[in-house]
Amino acid sequence: MGGRGKGNASRAAAAPVATLDLPTKLSFYRQMVLIRRFEELARIAYQQGKIAGFLHLYIGEEAVAVGAIAALRPEDHLLTHYRDHGHAIARGLDPRVLMAELFGKATGCSRGRGGSMHFASREHNFWGGHAIVGGHLPMAVGLAFAAKYLGEPRVTMAIFGDAATDIGEFYEALNMAALWKTPVVFLCENNLYGMGVAIEKASAVTEVYKKACMANIPAERVDGMDVLAVYEAATRAVEWARAGNGPYFLEAVCYRFQGHSVADPELYRSKEEVEKWKQRDPIQRFRRHLLEVEGVPEAQLEAIHQDVEREMEEVMRFAEESPDPPLDTLYDFLYANPVGAWRGDERFLQLWDGGQG
Amino acid sequence: MPVMTIREAIRQALQEEMQRDRRVFIMGEDVGAYGGTYAVTRGLYEEFGEERVRDTPIAESAIVGVALGAALGGLRPVAEIMTINFILLALDQIVNHAAKMSHMFGGQFKVPLVIRTAAGWGQLAATHSQTFEVYFAYVPGLKVVYPATPYDAKGMLKAALRDEDPVIFIEHTALYPVRGEVPDGDYVVPIGRSEVKRPGRDCTIVTYGRMLQASLQAAEQLAREGIEVEVVDLRTLRPLDMEPVYESVAKTHRALVVTEEWRSFSVGAEIAARIQEHAFDDLDAPVMRLGSREVPMPYNKHMERAVLPWPEDVVKAVKLLLR
């Protein structure tokens with residue numbers, strides 16, 4: 001995947017991949033497998049009617065989340081779009097509370113209010129899955145600005161899809177990020193489709209990283225099916241931003257193996273195309289690297305898979321057994337600071353329930 | 001007690017809060033070197049510098065969205081949207097993002113964000129003369145404040161700046177020169193409290209914003225004719241405090257809702273509905289609503305005047321209601 005933007009960041013700032021130790025690489029592998037299995041089991045639970053609404057699976061794109069988010073520090077901010085399960089797992093959120101959120105349970109990361117598209121964790125500086133395409137990009141610039149204003153050495157990473165680069169807020173956000181020189185990394189997951197519309201039909205510029213030149217933001221394109229390449233590029237981007245150089249733009253070219261959502265019959269792309277991309281499965285590719293380059297015994301990788309299976313059993317059990325949120329908490333969290341005489345529409349509800357109003 | 005305009009009261013609130021709390025900063029179109037389109041922020045750029053009084057591109061969605069992110073990141077931003085007409089470009093940020101951050105994520109996030117915007121008219125024609133507070137009053141998760149006196153404007157802006165939730169703070173350009181007493185020193189006027197601005201026995205007027213001043217003028221004139229109206233100023237549209245309204249209607253048995261909106265699907269419609277839901281037995285007449293005529297605002301001076309409600313319209317409505 002070639003292509004570097006004009007005004008490139010210096011490669012000198014990057015942490016060379018060669019320095020990644022084997023335990024770290026194995027942890028990458030485990031995260032990718034965990035994301036894959038989480039999604040596969042979520043799909044089954046959806047088919048069983050235990051999960052409802054939209055379910056957008058991340059299968060096929062695991063290398064982007066794992067490689068990019070590994071470049072962040074715990075104090076850095078992360079925001080993403082609605083296909084957010086992989087990002088949440090890579091950020092270190094407990095998969096139990098994530099599956100519980102899919103089940104709509106009180107123990108979910110958003111206490112059952114958010115669902116699949118709205119994972120978040122204040123503790124992890126993970127400011128959400130956001131379900132309005134492009135809508136979280138200005139928010140990311142604001143988080144980065146706050147860190148700069150307060151003198152905190154935090155970087156903000158905003159992840160979005162290729163389709164988000166066609167919306168006006170994308171331009172507004174990049175422009176302000178560059179104007180105010182905020183420490184933000186824009187990471188575009190270009191999976192070649194905005195829902196079912198191919199990028200060639202949606203965007204006059206299909207090499208998405210080139211769009212960053214509109215705000216003079218250094219940009220590059222990376223193979224999003226290669227976790228090590230993503231990690232290397234993301235590290236370069238994050239260090240560029242942390243050093244006070246302003247925003248950086250990264251395009252990771254990737255592919256989702258499943259439909260847009262579980263309900264998608266995939267009429268817009270051929271089975272051959274999907275099969276071709278599956279040959280480049282990021283997990284298989286990284287597995288080969290670990291076996292052939294690192295000389296990891298196959299049994300060691302199998303042990304990781306078994307460990308993930310054990311964890312997922314517990315994840316599913318936790319989600320199944322957790323309680324629904326009580327209905328009398330419906331109005332909780334509407335305001336951090338409830339004020340005045342307001343009591344929701346409680347008065348109406350009391351009448352409805354046969355009370356005195 | 002010092003007397004000042006609403007414009008000065010708002011500026012003073014901003015100035016004092018910025019002196020008190022370094023996390024407070026202002027961002028918006030022409031808030032800095034220009035001094036604010038309506039001169040509200042004049043002098044603040046000189047006092048606090050470009051770091052804290054930040055000019056932005058003409059990009060409403062980013063103004064609100066960046067301010068929202070800054071609020072999440074630990075600051076207390078004041079995002080200024082030059083006029084409420086332009087806020088439509090930021091509706092996604094306000095409705096889908098700012099209003100959702102707390103509830104949708106299970107209470108993990110706080111949004112101490114104030115969005116100041118100016119409503120009004122003045123031969124500016126259809127796109128620059130609109131009344132949109134209902135758009136925000138409709139949305140759970142937002143607080144919507146619309147002060148009409150210098151005392152309330154200063155105290156409620158301070159309350160908004162110390163709040164943990166997104167507050168839409170609406171100013172009316174026709175009110176900027178209105179003068180009134182403002183005490184020296186720090187005070188807040190709580191969000192979510194309606195207030196009786198003038199006591200009376202014959203009829204209740206429920207209003208806010210510019211129409212509060214128009215209603216008070218009408219009440220003066222009616223008093224000379226022996227009609228005593230009670231004027232309730234809502235001040236906050238969400239969360240809405242209806243208790244003073246119900247108490248007043250229990251006394252007067254008649255209610256007139258006076259707003260500057262188009263009446264259909266408006267704040268006035270909500271107030272009228274609530275009065276009939278909760279105070280039906282107190283009423284001696286149907287609730288009456290006064291608003292603007294439902295057309296895009298024309299440029300022509302006579303036509304513009306004909307569209308808007310004025311004190312004489314309030315007088316006429318009260319007399320109809322008491323007939």
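Mentor: Let's begin with pairing: two strands pair if DSSP finds at least two bridges between them. Helices (H or I, at least four residues) and strands (E, at least two) are DSSP runs, numbered from the N terminus. This is a predicted model, where local features need pLDDT of at least 70 and side-chain atom pairs count only at pLDDT 80 or more, while totals for chains, interfaces and linings use all residues. Residues are numbered from 1 along each chain as its sequence is written, and chains are lettered from A and ligands numbered from 1 in the order in which they are written.

Trainee: How do you know that strands β2 and β4 of chain B pair?
Mentor: The cut-off is at least two bridges, and β2 (residues 24-28) and β4 (residues 76-81) of chain B have five, in the parallel sense. B:I26, for instance, stands opposite B:V78 in β4(B).

Trainee: What holds strands of a sheet together in general?
Mentor: Strands of a sheet pair through backbone hydrogen bonds, either parallel or antiparallel.

Trainee: Which sheet do β2 and β4 of chain B belong to?
Mentor: An open one of seven strands with mixed pairing, in the order β3-β2-β4-β5-β7-β6-β12 (chain B).

Trainee: What makes β3 and β12 of chain B edge strands?
Mentor: β3 (53-55) and β12 (236-238) of chain B each pair on one side only. From one strand to the next the twist averages 20 degrees, with axes being lines fitted to C-alpha atoms, for helices over the stretch in contact, and angles running from 0 to 180 degrees between N-to-C directions.

Trainee: Why is strand β5 of chain B called largely enclosed?
Mentor: A residue is buried if 20 or more other C-beta atoms lie within 10 Å of its own, exposed if 12 or fewer, and partly exposed in between, with C-beta atoms placed from the backbone. Six of the six residues of β5(B) (residues 114-119) are buried, so β5(B) is largely enclosed by the rest of the structure. Both faces are covered, with B:V114, B:R116 and B:A118 on one side and B:I115, B:T117 and B:A119 on the other.

Trainee: Which strands run parallel to β5(B), and over how many bridges?
Mentor: Four bridges join β4(B) to β5(B), and six join β5(B) to β7(B) (residues 167-172). B:T117 is the bridge partner of B:I81 and also stands opposite B:I170 in β7(B).

Trainee: What is the order of the six-stranded open sheet in chain A?
Mentor: Its order is β2-β1-β3-β4-β8-β7, with parallel pairing. The edge strands are β2 (126-129) and β7 (219-223) of chain A, and the twist averages 15 degrees from one strand to the next. β7(A) and β8(A) (residues 248-253) share five bridges, and A:V222 stands opposite A:A252.

Trainee: How do you know that helix α1 of chain A is close to its expected span?
Mentor: The expected span is 1.5 Å times one less than the number of residues. Helix α1(A) (residues 22-47) has 26 residues and reaches 38 Å from its first C-alpha to its last, close to the 38 Å expected. Just after α1(A), A:G49 takes a positive phi of about 80 degrees.

Trainee: Which residues is A:V185 in contact with, leaving aside neighbours within four places in sequence?
Mentor: Contact means C-beta atoms, placed from the backbone, within 7 Å. For A:V185 the partners include A:V155, A:M157 and A:L250.

How values were computed:
Contact = placed C-beta atoms within 7 Å.
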